[in-house]
Each structure stands twice: as C-alpha cells, then as structure tokens.
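Please read this briefing alongside the sequence and the 3D structure.

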Amino acid sequence: GPASITFDAAEQGVAELGWIAENDLLRAALWATCAGLPGVDLLAASAPAAVRIGAEAAVVTLADGRELEAALVVGADGHESW
C-alpha cells in the first residue's frame, strides 16, 4: 500500500528491534512445553467472552460459561483481538 513504516535498530543503539516468529511453530512449541508442566491446564476449545479486573484478581469468562481467576491475565491473540 501507499503507507510504509521504517524501523532502524542503529538509531536506537541496539542490535535488533525484535524478531518475527512463525505463528504455527511458536504455538506448537508453547503447547508442547506447557503440556508437560505441573499445575498447568491447557484449554483449547473455548474462546474468551469477557474479562473483569478486580483489585486482587482478574476473572475471564469463557464462551462455554467457565470462569478462570488469576492474578495476571495476558491477552496475546493478535490484531483481531476483542
């Protein structure tokens, strides 16, 4: 398109500004790593529907009605994120 953006690591005094990782490979590696960790439950088939941020915890309500409570919630689902 007509718009462009330029990144220059040298202007910032760093060797790299970031890295690009292929989504499928990154997800597979994360899933495989997390699947073997004690205390980690992987939920695949239910999208988030709502989030409530409280003073002590956040509560994420899933599309299937389940609620998950955590001290930290990270949304990392891309440019089409709600």
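Helix α2 supplies the largest share of the lining of the largest pocket, six residues. Helices (H or I, at least four residues) and strands (E, at least two) are DSSP runs, numbered from the N terminus. This is a predicted model, in which local features need pLDDT of at least 70 and side-chain atom pairs count only at pLDDT 80 or more, while totals for chains, interfaces and linings use all residues. Residues are numbered from 1 along each chain as its sequence is written, and side-chain values use heavy atoms, with hydrogens and water left out.

**The largest pocket**

- On a 1 Å grid over the protein atoms alone, a pocket is an open set of points with protein on both sides within 12 Å along at least five of seven lines, and lining residues have an atom within 4 Å of a point.
- The space in the largest pocket comes to about 1,200 Å³, where a volume is the space filled by probe spheres set on the points, joined across faces, edges and corners.
- Its lining has 28 residues, and those nearest the centre of the pocket are L43, V74, G75, A76 and D77.
- Two or more lining residues come from each of α2, β1, β2 (58-62) and β3 (67-70).
- Sorted by class, the lining has 20 nonpolar, four polar and four charged residues.
- In that sorting, Ala, Val, Leu, Ile, Met, Phe, Trp, Tyr, Cys and Pro count as nonpolar, Asp, Glu, Lys and Arg as charged, and the others, Gly among them, as polar.

**Overall build**

- The protein has two helices and three strands, in the order α-α-β-β-β from the N terminus on.
- The radius of gyration of the protein is 18 Å, whereas a compact globule of 82 residues would have one near 12 Å.
- That radius is taken over C-alpha atoms, and the globule rule is 2.2 Å times the number of residues to the power 0.38.
- The C-alpha trace spans about 45 × 30 × 30 Å along its principal axes.
- Of the 82 residues, 10% count as buried (buried means under 20% relative accessible area, exposed over 50%, partly exposed in between, with a 1.4 Å probe and protein chains only).
- Among contacts (heavy atoms within 4.5 Å) with a separation of 6 or more, 9% are between residues 24 or more positions apart.

**Two buried residues**

- S46 sits in the loop between α2 (23-35) and β1 (48-53), and S46 counts as buried because its relative accessible area is 12%.
- A polar atom of the S46 side chain lies 3.3 Å from the backbone nitrogen of D64.
- Beyond its neighbours within four places in sequence, S46 is in contact with L62, A63, D64 and R66.
- T61 belongs to strand β2 and is buried because its relative accessible area is 17%.
- The T61 side chain makes a polar contact with the side chain of E67 at 3.5 Å.
- A polar contact is a pair of N or O atoms within 3.5 Å; within protein, one must be able to donate a hydrogen and the other to accept it, and residues adjacent in sequence count only if both atoms are side-chain atoms.

**Two exposed residues**

- I53, in strand β1, is exposed because its relative accessible area is 68%.
- A71 lies in the segment after β3 and counts as exposed because its relative accessibility is 76%.
- The C-alpha atoms of I53 and A71 are 9.4 Å apart, with the two residues 18 apart along the chain.

Definitions and conventions. On a 1 Å grid over the protein atoms alone, a cavity is a set of points where a 1.4 Å probe fits but cannot get out, and a pocket is an open set with protein on both sides within 12 Å along at least five of seven lines; lining residues have an atom within 4 Å of a point.
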